[in-house]
Structures are given as C-alpha cells and as structure tokens.
Amino acid sequence: TDPRAREEVAAAWGVAALPHRHGRDTGQIVEAAANGELRALVVAGVEVADLPDPARAREALHEVGFLVSLEQRPSEVTAHADVVLPVAAVAEKAGTFLNWEGRARMFEAALKPEQMTRRVAPTDARVLQMVADAMDVHLGLPDLHAARGELDRLGNWDGPHASGPLESGAQLPRPAAGEAVLAGHRMLLDQGRLQEGDDALAGTRHAAHARVSAATAAEVGVKHGDVLAVTGPAGPVELPLQVVEMPDRVVWLPLNSAGGGVASDTGAVPGDLVKIGPALAAAPEVQS
C-alpha cells in the first residue's frame, strides 16, 4: 500500500497510523475463520453457494466463535448465526453503485417510509454503526449522508495507482477424451434466495441444461436431449444436454439452477477440469 495514502487517510480520520499490510480477501477470511484464527465474523448478503469453496465456507461458519448476519431472508448463514440483524432491501434505501467504468452513481430510495405498510428495516450502514457502537468503536457515520461526507472529505487520490498483477498467467488446462473445461455463470433467475416465495417469477426461469459442442458430444457418446453427467472432486451434476456451437472439450453449466449449485455438488469452479459422460441410469427397484 502507498505510504502517502495511508498518512493522508490517517490524518483525515484523526488516528496515529493505518496498518501497512493488505487486508484478507474472501478466501483468506474463510480460511482464517475455519482454522480458528478469526473468532468472529460479520456476514452480509452472502450466499454460501456463490463462494469459491462452499464446503470450506460451511466449515468456517460452523467453527467461528461468534457470527453476525445481516440479511433479508433465512439462509445457510442465518442458520449458523448467533445474531441476525434484518436490513433494508435495495429499493428501500439510498446508496451508491459503481458502473462498468468504475464511476460512482448515487441513488435514493425508491420506496419511501410513508409508502410502506410495515416498519422499514435499517440500512446496512446503520446496522454496522450500531455494531461498532456496541463494540465501543465510534465511527461517527450514523447515516448515508455522513458516510458520503466522509468520502468527499477524503477527496480524490492524485498519486500513483496500483500496478498490474505480478503473477504470471496459469497454464491452460488440456482436457483429454472424456474431460472438459468447466464454464458457466449464474442465470438471472435461478435458485437465488431473493426469489423465494415468488412462484410466478420463479416459473419464468429457463430450464437448466448442460451445453457442449457436437464434437465433444460425439466423443463421449451423448446426443442432444440426453442426460449428461459432469463430475468433479465432490461428485456429479446431471442435466439434460443441449448440443450447441461452442469450443470443443468445454462444458457449460448454469451455476446455481439445480441441486446445491455446481460448486457445492461437484467441488469444481469455472476453469477446472471435470469428467463428462452419459449419466448412469438409476438401478431398477427389486420387488420381493
């Protein structure tokens, strides 16, 4: 991190100094909670199935000593939480989005308190302020306007920006016959928690299908409409197949449209090698 930037922010915040080390990323936070290095977590709006390693994340939620959840609906996180604090939905609060150019775009609440038929839940910022107050750490950011004022007071950075990644690119996977590189993304309408309870909206979801090229399908002995098994370290996902125009030895899956999600069910994420082939037929029932 830049020493001058740390000094300027420390001066604006009225503290002696800021830490010079980088903070933990998501994977490092999960690992530290799972191994006992972190004894408490605040988790806001996270679906476990979206994390890079859902199995390890579940271990972290189980092992961490104290868990606070900021949520709108029951979830895997709230099931483990010691404290669940409800927060307002996007339409009920003001905030800021970053657009594709990285520019901040502010917005106001679409639904005002006088339009609501229930008491409005506090915003995430307000809840974090309350948690900090309970810990005797006084942020001085009681509302969004105070937070925006704090950012404005810091001003724009006119020094050098971070350099490009220092790591070299990883070697591209080379799938053999019966293998494929996993590709995929989440569909706009899938098994996301915010769609729970809205059967009409859920009814408009696209059916979940696997996709491979014609050459890949022929290589593993499947055809359009067959059930394809995609198997990773944790197990298989089985979905009806669509043969489409796409690169050979690549399999595309919707990441959270069936089962527990691709990462949870297979233990693989996009870019990993997986095995593909026709799904095994279920064993017939034997009647006595």
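Let's start with Ala125, which is partly exposed at a relative accessible area of 37%. Ala125 sits in helix α5, covering residues 124–134. Keep in mind that this is a predicted model.

**The overall picture**

Zooming out, the protein has 9 helices and 11 strands. Its C-alpha atoms fill a box of roughly 70 × 50 × 40 Å along the principal axes. Of the 288 residues, 26% are buried. The accessible surface of the protein is about 19000 Å², and carbon and sulfur atoms own 57% of that. As for contacts with a separation of 6 or more, 62% come from residues 24 or more positions apart.

The chain splits into domain 1 (1–86), domain 2 (87–110 + 119–156) and domain 3 (179–278). Taken over C-alpha atoms, the centres of domain 2 and domain 3 are 37 Å apart.

**Aromatics and an arginine**

If you go looking for aromatic pairs, the whole structure gives you 1. That pair is Phe97 with Phe107, and it's stacked: 5.0 Å centre to centre, with 20 degrees between the planes. Phe97 belongs to strand β4 (residues 95–98) and Phe107 to strand β5 (residues 104–107), so the pair ties together parts that are 10 residues apart in sequence. Phe107 has 22% relative accessibility and counts as partly exposed.

Phe107 also turns up among the neighbours of Arg148. Leaving aside residues up to four places away in sequence, Arg148 touches Gly95, Thr96, Met106, Phe107 and Glu108. Arg148 itself is in helix α6, residues 144–154. With a relative accessible area of 11%, Arg148 falls under the 20% cut-off, so it counts as buried.

**A nonpolar patch**

On the surface, Trp13, Val15, Leu151 and Leu154 make up a nonpolar patch, together showing about 380 Å² of accessible area. Trp13 is part of helix α1, which runs over residues 3–13. Its relative accessible area is 45%, so Trp13 lands in the partly exposed class, between 20% and 50%.

Here are the accessibility values side by side:

| Residue | Relative accessible area | Class |
|---|---|---|
| Trp13 | 45% | partly exposed |
| Phe107 | 22% | partly exposed |
| Ala125 | 37% | partly exposed |
| Arg148 | 11% | buried |

How values were computed:
Residues numbered from 1 in each chain as written. Predicted model: local features only at pLDDT ≥ 70, side-chain atom pairs only at ≥ 80, totals over all residues. Heavy atoms only, no water. Patch = residues over 30% accessible without salt bridge, like charges linked within 9 Å, V, L, I, M, F, W, Y side chains within 5 Å. Areas by Shrake-Rupley, 256 points an atom, 1.4 Å probe, with all protein chains shown as cover. Salt bridge = Lys/Arg side-chain N within 4 Å of Asp/Glu carboxyl O. Helix = DSSP H or I, 4+ residues; strand = E, 2+ residues; numbered from the N terminus. Buried < 20%, exposed > 50% of the residue type's maximum accessible area, 1.4 Å probe, protein only. Contact = heavy atoms within 4.5 Å. Domains from an automatic or database assignment. Phe/Tyr/Trp six-rings, centres within 6.5 Å; stacked < 30°, edge-to-face > 60°.
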